[in-house]
Amino acid sequence: MFNMSVQSKIDYDVSTYRYHRKAEPAENLKLKVLAGSVIGTAIPLAFFAKKQKTYISKINFGLKEMLLTGLGSITGGVISGISFDKKEYKRQKIHEGIFQFLNTSIPALLTGAFISAIDRTKYAKNNFAKIIMILTGLFGGMQTAVCLSNFINDPYDKVPDRKLTAKDMLANADDAFGALVLAKIPVKIPSEKILPVIYGWCGYRAGSSN
């Protein structure tokens with residue numbers, strides 16, 4: 001039992017937080033996983049574009065659009081990874097998919113709830129108060145996502161928990177980019193056009209994990 005615990009600790013330590021890999025995937029596998037993630041992203045985008053009667057590049061992203069697009073991309077990446085990679089990596093890909101989905105959805109959910117709540121108070125036009133709420137939802141949501149994914153993926157605590165330090169938050173802040181879009185922050189970058197790319201990348205990371 002001691003040796004198994006030590007091996008699990010070693011396997012965890014050699015993984016990077018951002019990619020969660022023990023070995024670099026083969027180039028052909030990367031392409032297949034990327035293709036699966038792109039397809040998984042494109043399906044919900046096509047649906048929402050048709051529903052909103054607009055082009056994919058002009059979709060108006062609300063919470064529903066974010067959750068389903070993120071779920072589609074991550075599912076596509078994970079299914080491709082499981083289909084073309086070694087069977088021994090199946091569980092890790094599923095675990096990473098759960099983490100990626102929670103890390104894209106929970107910050108958006110919390111930020112949306114906080115912004116909605118402050119809009120019903122006297123601080124509705126107070127930009128400083130909104131920034132505080134956005135940061136609380138963003139980083140609090142990322143921490144919540146890590147804790148929840150640790151519990152779902154390892155309910156009996158057999159391996160070391162995945163941690164989230166300030167450095168890790170910065171490295172994975174793109175996963176929570178949807179929270180900023182939902183908060184309607186007036187920035188000069190095309191936020192809603194970048195969002196599908198970020199979701200596709202999350203799917204790729206989940207499918208290529210091992």
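The following legends describe close-up views of a predicted model. Local features are reported at pLDDT of at least 70 and side-chain atom pairs at pLDDT 80 or more, while totals for chains, interfaces and linings use all residues. Residues are numbered from 1 along each chain as its sequence is written, and side-chain values use heavy atoms, with hydrogens and water left out.

**View A. Two aromatic pairs are present in the structure.** Rings of Phe, Tyr and Trp (its six-membered ring) pair if their centres lie within 6.5 Å; planes under 30 degrees apart count as stacked, over 60 as edge-to-face and the rest as tilted. Phe47 and Phe48 form an edge-to-face pair, at 5.3 Å centre to centre and 65° between the planes. The pair of Trp201 and Tyr204 is stacked, because the ring centres are 4.9 Å apart and the planes lie at 25°. Both Trp201 and Tyr204 belong to helix α8 (residues 191-207), three residues apart, about one turn of the helix; helices are DSSP runs (H or I, at least four residues), numbered from the N terminus. Tyr204 is buried, at 8% relative accessible area, whereas Trp201 is partly exposed, at 30% relative accessibility (buried means under 20% relative accessible area, exposed over 50%, partly exposed in between; 1.4 Å probe, protein chains only).

**View B. The charged end of Arg162 sits over the ring of Phe99.** The distance to the ring centre is 3.8 Å. A charge sits over a ring if NZ of Lys or CZ of Arg is within 6 Å of the ring centre and within 35 degrees of the ring normal.

**View C. Helices α3 and α4 are roughly antiparallel to each other.** The axes of α3 and helix α4 (residues 90-118) come within 10 Å and cross at roughly 170°. Axes are lines fitted to C-alpha atoms, for helices over the stretch in contact, with angles from 0 to 180 degrees between N-to-C directions; angles over 145 degrees count as roughly antiparallel. Residues of α3 including Leu63, Met66 and Ile74 meet residues of α4, among them Lys90, Phe101 and Leu109 (contact means heavy atoms within 4.5 Å).

**View D. Lys53 and Asp157 are loop residues with positive phi.** Lys53, in the loop between α2 and α3, has a phi of about 55° although it is not a glycine. Lys53 is exposed, with 78% relative accessibility. Asp157, which lies between α5 (127-153) and α6 (166-171), likewise has a positive phi of about 55° without being a glycine. Asp157 counts as exposed, at 52% relative accessible area.

Methods:
Helix = DSSP H or I, 4+ residues; strand = E, 2+ residues; numbered from the N terminus. Parallel < 35°, antiparallel > 145°, perpendicular 65-115°, else oblique.
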